[in-house]
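Colleague: Let us go through this model term by term. I want each label set against its rule.

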There are 2 protein chains.
Amino acid sequence: MGPFSDLRVVEGSAFVAAPLGGLTLAQLGADVIRFDAIGGGLDYRRWPVTDDDVSLYWSGLNKGKRSIAFDLSRPAGRELATALITAPGEQAGLFLSNFPEAGWLADARLRALRPDLVYVNVVGNPDETTAVDYTVNAASGIALATGPVGSAFPVNHALPAWDIATGLHAVIGMLAAERHRRATGEGQLVKISLADVAFTMVANLGFLSQAQVTHANRPPLGNDMYGAFGRDFPTRDGRRVMVVAISLNQWQTLVRATGVEEHLPAIERAFGADFAKEEDRYRARDAIAALLTPWFESHTLDEIRTAFDEQGVCWGPYQTFTQLLDDDWRVSEKNPVFADVDQPGIGVLRTPASPLRFPADPPVAPLAAPLLGMHTDEVLADVLGLSAAEIGRLHDDGLVAGAV
Amino acid sequence: MGPFSDLRVVEGSAFVAAPLGGLTLAQLGADVIRFDAIGGGLDYRRWPVTDDDVSLYWSGLNKGKRSIAFDLSRPAGRELATALITAPGEQAGLFLSNFPEAGWLADARLRALRPDLVYVNVVGNPDETTAVDYTVNAASGIALATGPVGSAFPVNHALPAWDIATGLHAVIGMLAAERHRRATGEGQLVKISLADVAFTMVANLGFLSQAQVTHANRPPLGNDMYGAFGRDFPTRDGRRVMVVAISLNQWQTLVRATGVEEHLPAIERAFGADFAKEEDRYRARDAIAALLTPWFESHTLDEIRTAFDEQGVCWGPYQTFTQLLDDDWRVSEKNPVFADVDQPGIGVLRTPASPLRFPADPPVAPLAAPLLGMHTDEVLADVLGLSAAEIGRLHDDGLVAGAV
């Protein structure tokens, strides 16, 4: 079920952005059929992997899809994939890909077979040269605004944030073009590049205009927030917490919870500051932090949690992935967005559904990923209408493969 | 124009996620009307600001919208906002908000006035307690997987990546619910939380399942890629570059461009490695980097660019925001996604459009942000149908305000 349960999307993809787009649609009910080369694409063994060399990355990004494997090195295998992409059906003819839009995947070739095709093509740079999350992030300015105060060295973050934003934009492009097709009957080729997503976002967030207006770059600030009071503190039991006081109310709850109120006027006088003002709290942030640190150092995480939650402070503990998994109700089965699901080839994993909650549709439960080629015969039969004998011949010819 | 030029969306918002959702729709042609309290919301002076205290952050996130200002502290002002949210029109009745869905903004109250309302509500935690990008990121595990090798301290990245992913998910939720309404006539309340977005994404990317399967956390790796060869190098002229060799082809182009081929067999023997394998290149990455570093240290960025682009190496320079603005064609007017636009109150800024490129629709050119309240009278007249005399009375009563 889910809001897109009437749609069928064919995905030709590898790595993060395009597979995440397909995942997002699959988790909202669409029938997403990912095709791969027999033996898997470039991302099929991408780390992290299990001891049996099964990729946790691949399975994470392909949940809820159907998988079909073709011999894409031979024309006859590419013809089968072409037939899948351009298969008839009012709610089909949706193709999401980050393969080069050229050769057998050229828009003109596919559109000749299905004129109303909606084709979303994810590329690296706007001129279609190669770029990946890492190179785009390096160019974006973000890496040189991340890391310790005073650092002139870039810091890469562990999250492929531009891949994520690009994959979600690809979904928006797909939905926009599908909407246009329903209204007009027209398909179209939609292009989205990692670099455009990254650099337009850096502009939307004010980083670029700040550079243009001030001729200066926002420096790295360690774990401090920019322009408001917020930073990390160590706890008595060796943990760290992130504390944020953007609004006046957030500031007041923090002051109350930590009991520092009586000492603030002296700091305000020393800095000529008025701590009712967000910018003055930012300006005097090191002094404020110095005043607060002993309180954190003398309380455990549990004590801080109790004090802060009572006052409604905006804060959170730093957690490792194992702590997130073991200690946080938000990724437990208390949260219906997660469930324990048996992942073929791996075992039971805490598995997410879509984070979108639609009351008008039955939710799509968390789903496992397929094994590579698990749905080869099923898709050949129910989408391409092939008989068991025809499917058998394709296997005999090595043009298709099922799951091992 | 643009694919959503038939839609009108009302936005009640502050900070990043919900405003970014509205921005994304406005940049694709929707009539997005953001309402604020007279004098502006909590984000109206958010840093970075100009010397005149105009927020570059606010203007960046509200481009292409119409702005209307109400006295939201008084019931009559809230009634005007209510009328705007629930105004008739087949393509209206779309509301995007990160204000608490309670009191005058409770779904039940608004839905009684417009039963087919599509209401997308962005919250912090799934139980609607407070969370912001910083606290969610701290909990996600990413901060403890970012930073130098061997570090046990969290590193916050400068990009509000979870806000971005949440704002884009909010758009997907809006489009899904609008599609459902066109098919069935039914509206609905869609909820999306920052925490669900972050933690489902950490699960989708394999970080969480790696922790579950191995009972261990991915450690911070400095600027190294995980599971493949990729890292930063210093250049002769004091710059740094990011180099990525995930695929075999990318590896071979890097080897050719740097001329290290003859020395690789010795390293392969020393490590028992086969550099045709992605995982072996990762395992021996420090030795490979040591071999490559002298080449980078003896070439300038321009020399590296020439050598790498000739071979098709996957790489990119690290840039500050000013370097991105000044040196990179991808944010210049050579890229139609950017243009120089006069931003009222600020001046001419390099301004982005949507990164999505739809050939079937005339593109939406890069647009400026409004001044706060710039469209108050226009919206009162054309959406709420008020006369000039009625609008004048609202101004006299201080219930609405225009731009100063």
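Colleague: Which residues have the most contacts inside the largest nonpolar core?

Modeller: A:Leu25, A:Trp162, A:Phe199, B:Leu25, B:Trp162 and B:Phe199 have the most contacts inside that core, which has 120 residues. A nonpolar core is a set of buried Ala, Val, Leu, Ile, Met, Phe, Trp, Tyr and Cys residues joined through side-chain atoms within 4.5 Å. This is a predicted model: local features need pLDDT of at least 70, side-chain atom pairs count only at pLDDT 80 or more, and totals for chains, interfaces and linings use all residues. Residues are numbered from 1 along each chain as its sequence is written, chains are lettered from A and ligands numbered from 1 in the order in which they are written, and side-chain values use heavy atoms, with hydrogens and water left out.

Colleague: What does A:Trp162 touch, not counting residues up to four places away in sequence?

Modeller: Contact means heavy atoms within 4.5 Å. By that rule A:Trp162 touches B:Leu159 in the other chain, and the list in chain A includes A:Asp133, A:Ile142, A:Leu194 and A:Val202.

Colleague: Why is A:Thr86 called buried?

Modeller: Buried means under 20% relative accessible area, exposed over 50%, and partly exposed in between (1.4 Å probe, protein chains only). A:Thr86 has 13% relative accessibility, so A:Thr86 counts as buried. A:Thr86 sits in the loop between helix 3 (75-85) and strand 4 (94-97) of chain A. Helices (H or I, at least four residues) and strands (E, at least two) are DSSP runs, numbered from the N terminus. Beyond its neighbours within four places in sequence, A:Thr86 contacts A:Leu110, A:Leu113 and A:Arg114.

Colleague: How much area do chain B and chain A bury between them?

Modeller: About 11900 Å², with 69% of it on carbon and sulfur atoms. Buried area is the accessible area (1.4 Å probe) that two parts lose on being put together, summed over both. B:Trp47, B:Arg179 and B:Phe321 supply 7% of the area that chain B buries against chain A, more than any other three residues. The contact takes 137 residues from chain B and 137 residues from chain A.

Colleague: What makes A:Arg357 and B:Asp196 a salt bridge?

Modeller: The rule asks for a side-chain nitrogen of Lys or Arg within 4 Å of a carboxyl oxygen of Asp or Glu. The closest N and O atoms of A:Arg357 and B:Asp196 are 2.6 Å apart, and the pair forms a salt bridge. Across the interface of chain B and chain A the rule finds 8 salt bridges. Over all chains the structure holds 52.

Colleague: How do you know that B:Asn156 and A:Tyr318 make a polar contact?

Modeller: A polar contact is a pair of N or O atoms within 3.5 Å; within protein, one must be able to donate a hydrogen and the other to accept it, and residues adjacent in sequence count only if both atoms are side-chain atoms. The side chains of B:Asn156 and A:Tyr318 are joined by a polar contact of 2.6 Å. B:Asn156 has 6% relative accessibility, so B:Asn156 counts as buried. B:Asn156 lies in the loop between helix 5 (133-140) and helix 6 of chain B.

Colleague: Why is A:Glu178 called buried, and why is A:Arg182 called partly exposed?

Modeller: A:Glu178 has a relative accessible area of 2%, so A:Glu178 is buried. A:Arg182 has 36%, so A:Arg182 is partly exposed. The two form a salt bridge, with the closest N and O atoms 2.8 Å apart. Both lie in helix 6 (residues 161-184) of chain A, 4 residues apart, about one turn of the helix.

Colleague: What of B:Arg240 and B:Asp232: buried or exposed?

Modeller: B:Arg240 is buried, because its relative accessible area is 19%. B:Asp232 counts as buried because its relative accessibility is 6%. Their side chains meet in a salt bridge (3.0 Å, N to O).

Colleague: Which peptide bond from A:Trp47 is cis?

Modeller: The bond from A:Trp47 to A:Pro48, with omega near 0°. A:Pro48 is in the loop between strand 2 (31-37) and helix 2 (56-61) of chain A. In chain B, the bond from B:Trp47 to B:Pro48 is cis, with omega near 0°.

Colleague: What is phi of A:Asp53?

Modeller: Near 65°, a positive value in a residue other than glycine. A:Asp53 has 29% relative accessibility, so A:Asp53 counts as partly exposed.
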